[in-house]
Amino acid sequence: MKTPHILMVHHGAKFCQAVLCFLLLFSFSSCTKDFEKFNTDNTGFTPDQYHIGLVYPGIQSAIFGLEGDYQLTQNLNADCYAGYMMSPNPFRGNINNLNYDLVDGWNRQSFIVSYTNSLFAINSIAQAGTRTKLPDFWGIALILKVETFSRLTDKFGPIAYSKAGSSLIATPYDSQQELYKQFFLELDTAVTNLNTYVKAAAQNSSMVKKPFEKFDLVYGGDYEKWIRLANSLRLRLAMHIVKVDPATAQTQGQKALDPTNGGLLATNADNAGISGGGYHNPLNVIATSWTDISMGASLESYMTGYNDPRLPKYVTPATDALFKGQYKGIRIGSAVTAKPGYNGFSTLNGATAFGSASPMWMMTTAEVYFLKAEAALRNWAGAGDVKLNYETGIQASMDQWGVSAGTYKDDATSLPKAYVDPLNAANNSPAVSTVTISWDAAASNERKLERIITQKWLAMFPEGQEAWTEFRRTGYPKLFTVVNNNSNGAVDTQIQIRRLAYPANEYSTNGAEVQKAVQLLGGPDNGGTRLWWDVNKPNF
């Protein structure tokens with residue numbers, strides 16, 4: 001695609017736009033791109049199950065959005081910062097997010113989508129009395145709210161949350177510590193509401209078993225799976241804060257692990273992905289139609305080094321005549337040449353993982369088993385055996401992608417490979433990790449964690465937001481550094497980028513509160529400042 005594609009207005013699935021604009025009368029919503037007005041909420045609609053339910057497809061699809069939104073909210077930042085991908089498009093003359101010159105016009109889209117497409121709708125259904133009249137529907141709304149805004153805060157840091165939508169003038173930001181407290185409380189309510197409904201429906205044959213079915217782009221109205229997702233999300237968020245607040249992390253993690261609360265994602269049938277209802281996978285268009293994203297060099301290093309059987313499911317072989325048939329990624333921050341220069345490198349496989357109808361995965365069972373492996377390593381009650389969880393996570397991912405694991409988990413010799421750019425030797429790098437696959441009970445906890453997170457990273461592909469978070473939290477997997485760093489010293493090349501800067505619009509419309517947020521952040525508003533949970537200390 002040409003550069004103007006990323007400058008066009010793309011706002012989520014079109015069917016979701018119609019529902020939101022027609023039913024909620026969002027004169028200031030995503031239909032007009034009035035980002036500055038996210039501080040107000042004057043919507044309303046009939047408080048019945050049908051009308052409230054119609055809003056949910058838009059909330060669900062906005063987690064990733066369609067290609068125009070997704071490219072800006074995640075693909076040209078987290079997906080690449082996580083080592084998964086890199087663009088062959090020299091956007092803005094190779095001066096952009098991918099070499100740490102943060103593009104405000106791109107990154108502001110995360111705020112626009114999260115507030116106008118998600119929070120206003122959730123606030124409106126709350127105002128319609130959903131909390132008390134349809135507590136099960138409210139439980140789903142809270143899970144979606146936590147999923148959406150945990151992603152936003154983990155990009156930027158403090159954000160407007162508890163007061164968002166309540167003020168015409170200024171909206172205070174919540175610290176990340178307060179945000180995580182609210183997330184856990186909201187998940188408490190969600191799980192309680194849904195468990196209550198499930199138990200009541202089991203005892204009353206006249207109750208509708210799946211009242212949410214026609215509005216559900218994730219689980220077809222299966223509340224028990226939503227409960228498992230909520231508990232799994234709690235475990236993920238608990239692990240995020242393990243270095244900054246280990247006591248709370250363990251308390252929340254053990255609550256998630258307690259089977260009496262409804263359990264965790266346990267089989268691939270539990271995997272949580274957005275699909276159907278007119279939604280299509282945005283990475284399909286970005287990779288195959290626009291040719292704006294390719295395999296990252298770090299992904300190449302690990303997957304080719306490990307002879308990973310998922311590789312042909314994830315990406316296609318290169319088509320460039322110089323190295324046709326090889327799997328070849330692009331190193332982040334490379335000065336890519338104008339198209340078609342790097343378009344012959346490996347790209348996402350639109351026939352398998354990234355078909356138009358393929359789900360966009362929020363969370364998978366494989367990730368949960370790796371979370372349990374780390375929880376066991378940290379001696380959390382209910383986590384089970386470290387090695388068993390680790391190997392089960394590997395197998396779950398192989399099963400998810402329909403490949404034979406063979407002897408993969410027992411491989412004690414294969415190593416990540418050095419990176420060679422066939423078009424520019426300046427981008428070459430030796431391998432940055434020596435971790436192998438096979439579980440080693442005699443290794444240190446730090447080495448065990450590297451092994452867990454490395455395989456977790458491979459299994460979570462292409463979910464770059466969570467992969468970038470885990471890299472920042474743990475330092476794993478070890479990733480190739482940016483080739484060209486255009487941050488003017490704001491981001492250390494070796495430490496790598498830690499966050500996105502707040503949108504300029506917030507300074508012009510909510511300036512005093514943003515300045516307070518920067519104080520909460522504890523450092524300058526740039527890509528080098530660590531988030532609250534991103535503590536610079538050993539993992540153990």
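User: What is the phi of Gly-475, the residue that follows H19?

Analyst: This is a predicted model: local features need pLDDT of at least 70, side-chain atom pairs count only at pLDDT 80 or more, and totals for chains, interfaces and linings use all residues. Residues are numbered from 1 along each chain as its sequence is written; side-chain values use heavy atoms, leaving out hydrogens and water. Helices (H or I, at least four residues) and strands (E, at least two) are DSSP runs numbered from the N terminus. After H19 comes Gly-475, with a positive phi near 85°.

User: How many residues of H19 are buried?

Analyst: Buried means under 20% relative accessible area, exposed over 50%, and partly exposed in between (1.4 Å probe, protein chains only). The buried residues include Glu-466, Trp-468, Phe-471 and Arg-473. H19 covers residues 464-474 and is mostly covered, with a buried count of eleven of eleven.

User: Which helices are included in what covers the buried residues of H19?

Analyst: Contact means heavy atoms within 4.5 Å. The cover of H19 includes H3, H4 (78-81), H9 (135-156), H11 (223-240), H16 (365-377) and H18 (445-460).

User: How is H9 set relative to H19: roughly parallel, roughly perpendicular or oblique?

Analyst: Axes are lines fitted to C-alpha atoms, for helices over the stretch in contact, and angles run from 0 to 180 degrees between N-to-C directions. Under 35 degrees is roughly parallel, over 145 roughly antiparallel, 65 to 115 roughly perpendicular, and the rest oblique. H9 and H19 pack at about 45°, with axes 11 Å apart. That makes the pair oblique.

User: How many charged residues are in the contact of H9 with H19?

Analyst: Arg-151, Asp-154 and Lys-155 of H9 meet Gln-465, Trp-468, Thr-469 and Arg-472 of H19. Asp, Glu, Lys and Arg count as charged; Ala, Val, Leu, Ile, Met, Phe, Trp, Tyr, Cys and Pro as nonpolar; the others, Gly among them, as polar. The classes here are one nonpolar, two polar and, for charged, four.

User: Which residues of H7 make the contact with H3?

Analyst: H3 (residues 67-75) and H7 (residues 109-127) pack at about 120°, with axes 8 Å apart. The two helices are therefore oblique. H3 brings Asp-69, Leu-72 and Thr-73, and H7 brings Gln-109, Ser-110, Val-113 and Asn-117.

User: How many nonpolar residues are in the contact of H3 with H13?

Analyst: H3 and H13 (residues 282-289) pack at about 90°, with axes 8 Å apart. That makes them roughly perpendicular. Glu-67, Tyr-70, Gln-71 and Asn-75 of H3 meet Pro-282, Leu-283, Val-285 and Ile-286 of H13. By class there is one charged residue, two are polar, and the nonpolar number five.

User: Is Glu-67 buried or exposed?

Analyst: Glu-67 is in H3. Not counting residues up to four places away in sequence, Glu-67 touches His-280, Pro-282, Val-285, Ile-286 and Trp-290. Its relative accessibility is 14%, so Glu-67 counts as buried.

User: Which residues have the most contacts inside the largest nonpolar core?

Analyst: A nonpolar core is a set of buried Ala, Val, Leu, Ile, Met, Phe, Trp, Tyr and Cys residues joined through side-chain atoms within 4.5 Å. The largest has 158 residues, and those with the most contacts inside it are Tyr-56 and Trp-226.

User: What is the relative accessible area of Phe-156?

Analyst: Phe-156 lies in H9. Beyond four places in sequence, its contacts include Phe-111, Tyr-502, Leu-521 and Leu-531. Phe-156 is buried, with a relative accessible area of 0%.

User: Where is Pro-477?

Analyst: The peptide bond from Tyr-476 to Pro-477 is cis, with omega near -5°. Most peptide bonds are trans. Pro-477 is in the loop between H19 and H20 (504-509).

User: What is the relative accessibility of Asn-379?

Analyst: Asn-379 is in the loop between H16 and H17 (386-400). Its phi is positive, near 65°, in a residue other than glycine. Asn-379 counts as exposed, at a relative accessibility of 64%.
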